[in-house]
Amino acid sequence: MKIVCISDTHGQHHHLDLPDGDVLIHAGDVSKSGGKSQVLDFLDWYALQPHPHKILIAGNHDFFFERNPVSVLDYIPDNIVYLNDNGIEINGVKIWGSPVQPRFFDWAFNRDRGDDIDVHWQLIPEEADVLVTHGPPYGILDETVRGDKVGCVDLLNRIEELELKLHIFGHIHEGYGKSKQGNTLFVNASVLDVRYRMVNPPVVVE
């Protein structure tokens, strides 16, 4: 299975050059300010991509998803799978997605660290092969330009209980890249840099 990983397109998706693959996964922040028109423009574009399977989670900029958790489903094209603390199995590969991240100012899908966010991580099933979250786990591709590690400790603790093959996320643009930890490949797939310039190519995982 060839998985194409992207994240944090922030409305610049029309400028993205996507490689071929079996599964296209977007790890959130499809929009810049989270308005309905921005989200619908992205969904129209995403639905046209040729990948047989297209998966999406929301991010902290994507207010339309958070404010309209039921009605937004009416706008998701039939050939796109939107994950929000749930999962899907594709050709025997179990994929789970969640948009939440530790509280940062007053963005969408914020949760306080500790019990408030951990309740979401405990939903991740033991048998998950691929995890898609918007934010990174603590200490893995989560360092800001100031040198701060801002990933989620509670998410890291949960991952250590699992046997993931792949964890895809974004959120921290400057953390773009891949890191292998044990048997798990971690991918920060942010295609924009910290100045919101599209400089990072999609990450392809076989």
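Which backbone oxygen does the side chain of N200 reach? That of S190, at 3.0 Å, a polar contact (a pair of N or O atoms within 3.5 Å; within protein, one must be able to donate a hydrogen and the other to accept it, and residues adjacent in sequence count only if both atoms are side-chain atoms).

## Ground rules

This is a predicted model, where local features need pLDDT of at least 70, side-chain atom pairs count only at pLDDT 80 or more, and totals for chains, interfaces and linings use all residues. Residues are numbered from 1 along each chain as its sequence is written, and side-chain values use heavy atoms, with hydrogens and water left out.

## Around N200

N200 sits in the loop between β12 and β13 (203-205); strands are DSSP runs of E, at least two residues, and helices are H or I runs of at least four, numbered from the N terminus. N200 counts as buried because its relative accessibility is 14%, buried being under 20% relative accessible area with a 1.4 Å probe, protein chains only. Leaving out residues up to four places away in sequence, N200 touches H173, Y176, S190, V191, L192 and D193, where contact means heavy atoms within 4.5 Å.

## The sheet

Six strands make an open sheet with mixed pairing, in the order β5-β6-β9-β10-β12-β11; two strands pair if DSSP finds at least two bridges between them. At the edges are β5 (86-90) and β11 (177-181), each pairing on one side only. From one strand to the next, the twist averages 15°, with axes being lines fitted to C-alpha atoms and angles running from 0 to 180 degrees between N-to-C directions.

Over at β5, 5 bridges tie the strand to β6 (residues 93-98) in antiparallel fashion, and E89 faces K94 across that pair.

## Strand β10 and its partners

β10 (residues 166-169) runs parallel to β9 (residues 130-133), joined by 3 bridges, and to β12 (residues 184-188), joined by 4 bridges. H167 of β10 is the bridge partner of L131 and also stands opposite F186 in β12. L166 and I168 point one way from β10, H167 and F169 the other, and all are buried.

Together with helix α4 (residues 153-159), β9 and β10 build a right-handed β-α-β unit: with the strands pointing away from the viewer, the path from the first strand over the helix to the second runs clockwise.

## C5, a contact of I168

C5 lies in strand β1 (residues 3-6) and, with 0% relative accessibility, counts as buried. Setting aside neighbours within four places in sequence, C5 is in contact with I25, I168, V187, A189, P202, V203 and V205.

Conventions:
Buried < 20%, exposed > 50% of the residue type's maximum accessible area, 1.4 Å probe, protein only.
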